[in-house]
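Me: I'm new to this one. Can you walk me through it?

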Amino acid sequence: MEKSFKKVFLILLCIPFLLIGCSSESNTDEGNSEGKTQVKITWRDVGEHDNLKKYLTNTFIPEFEKENPDIKIVLSPITASEGDYFSKVALSMQSESTAPDVVAEDSFMLNSDANAGYLLPLDDYVSDWDQWEYYTENLKSGSLGEDGKLYAIPGTSDSRGLWYNKNVFKKAGLPEDWQPKNWDEIIEAAEKIKDSSSDVIPLSMGVAKANGESVSMQTFEMLLYGTEDVLFDAETKKWHVNTKGIEDSLKFIDNVYNQKKLGPPLSIAINSNYSSVLFQEKFPNDEAGIILDGFWNTGNYSENGAVPLDNVTERFGFAAMPTQNGQEPGNTTMSGGWTWAIPAKAKNPEASWKVIQALGGKEQQAARAVSEGNLTVRDDSAEIPEYKEQAFISEATEYLKNAHFRPANDKYPNVSVEIQTMVEAVATGSKTPKQAAKDYASNVTRIVGEENVVK
């Protein structure tokens with residue numbers, strides 16, 4: 001009885017504080033906290049080793065709030081898989097009560113979210129911004145919607161290539177300065193690694209649908225754009241299906257995972273933690289030979305990374321991805337990146353724009369790129385010494401000369417899901433390349449319409 005009385009008393013005691021909490025939340029909704037305008041920043045939190053969170057917390061926010069005492073930045077990350085992040089952030093932007101004030105948008109989602117009315121056009125803001133001229137031109141175009149309006153400011157850029165482990169290569173009798181000329185030479189190197197050690201994963205590439213867009217971009221499109229075919233024709237606005245390039249790309253994946261058994265076991269390949277397992281465990285422990293992936297993985301080995309290493313360039317190499325048969329231009333890469341956007345239902349767009357301007361400053365842009373292991377989106381930031389001293393920065397930048405970008409079409413996110421399904425089906429052996437390509441063609445036709453497909 002006495003215990004029950006104490007519980008009731010404690011609940012009654014807490015009610016005023018709960019009411020105060022509600023009142024405080026109401027004030028937050030109005031955009032003010034302690035007399036300051038709150039700006040809520042949302043991005044995808046990747047966990048313990050989230051370098052963007054470290055940069056915002058330790059570097060950006062202290063500097064910004066010191067210079068802007070009237071603004072309070074509130075970090076509101078979403079911890080989710082890549083695919084779940086896009087759906088969760090879209091849901092949050094549908095209501096004024098849940099919409100962030102600044103949101104990280106993957107460039108491939110811009111058209112879809114802009115067409116849904118979730119994002120604020122930034123053309124008027126940019127017209128008076130004297131820093132916009134320093135941004136790399138082709139990245140500016142990647143932030144445009146199909147209506148020609150600007151919906152985001154580039155935040156990061158990237159390129160992709162073939163990571164290789166020099167210790168593993170030495171054991172397999174492969175050169176330390178490796179640059180394959182075609183797909184066959186990649187397979188040949190992986191086979192030598194397999195013959196030299198049973199404890200090493202010869203060749204890895206993302207294939208799990210659970211890993212979302214990375215499968216479409218880092219694996220399938222890196223292969224496809226090394227063939228004579230494309231995914232989407234920007235001039236005719238038509239999707240290409242049933243092409244030789246699609247089937248050849250799937251055959252390469254089938255070779256790696258099934259025919260020659262050069263890839264990681266499916267317990268790793270189909271795992272949502274595939275990337276961290278490969279780059280934070282297998283690769284630094286000389287248990288992986290070649291990995292097709294992005295430049296940003298250097299962030300794992302930085303001073304604040306998951307696996308700090310002092311001798312990165314002595315341990316690893318970063319080769320260009322060759323075209324299928326070595327045809328011109330000889331190599332290829334995919335480039336994309338994250339952007340900063342203002343939701344249409346943001347509470348204070350003017351304060352949000354102040355934050356985005358600061359995030360996009362010359363020094364801030366370079367500092368973020370170094371922290372995350374990404375490429376800067378500003379030409380002048382690329383000249384900052386700390387940025388230029390990054391491992392493999394010259395290679396990653398050089399590969400951008402032959403970069404391809406994902407289709408600027410609002411159907412792409414849906415098509416991308418079909419790519420992921422197709423790739424996983426081939427890698428797991430549940431479908432042959434021909435079967436998977438046929439099903440992909442049928443599903444894409446259903447999504448975009450018969451009139452928007454070239455067979």
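Me: What volume does the largest pocket have?
Reply: About 1,300 Å³. Keep in mind that this is a predicted model.

Me: Which residues lie nearest its centre?
Reply: Arg44, Val46, Glu82, Ser275 and Trp296 do, out of 46 lining residues.

Me: And which elements give two or more residues to that lining?
Reply: They are β3 (44-45), α2, β6 (102-106), α9 (213-224), α12 (274-282) and α15. The largest share is from α12, with five residues.

Me: OK, switching to α2. Why is an end-to-end distance of 23 Å what you'd look for there?
Reply: Helix α2 covers residues 51-67, so 17 residues at 1.5 Å a residue should span 24 Å, and the 23 Å between its end C-alpha atoms agrees with that.

Me: Where does α2 bend?
Reply: At Phe60, by about 45°, and Pro62 follows within four residues. Phe60 is also one of the buried residues of α2, along with Asn51, Leu52, Tyr55, Leu56, Ile61 and Phe64.

Me: What covers those buried residues?
Reply: The cover includes β4 (71-75), β16 (338-341), α14 (349-359) and α15 (362-372).

Me: What happens at the start of α2?
Reply: There, a side-chain oxygen of Asp50 comes to within 3.1 Å of the backbone nitrogen of Leu52.

Terms used: Residues are numbered from 1 along each chain as its sequence is written. This is a predicted model: local features need pLDDT of at least 70, side-chain atom pairs count only at pLDDT 80 or more; totals for chains, interfaces and linings use all residues. Side-chain values use heavy atoms; hydrogens and water are left out. The expected span of a helix is 1.5 Å times one less than its number of residues. The bend at a residue is the angle between axes fitted to the seven residues ending there and the seven starting there. Buried means under 20% relative accessible area, exposed over 50%, partly exposed in between (1.4 Å probe, protein chains only). Contact means heavy atoms within 4.5 Å. A polar contact is a pair of N or O atoms within 3.5 Å; within protein, one must be able to donate a hydrogen and the other to accept it, and residues adjacent in sequence count only if both atoms are side-chain atoms. On a 1 Å grid over the protein atoms alone, a cavity is a set of points where a 1.4 Å probe fits but cannot get out, and a pocket is an open set with protein on both sides within 12 Å along at least five of seven lines; lining residues have an atom within 4 Å of a point. Grid points are joined across faces, edges and corners, and a volume is the space filled by probe spheres set on the points.
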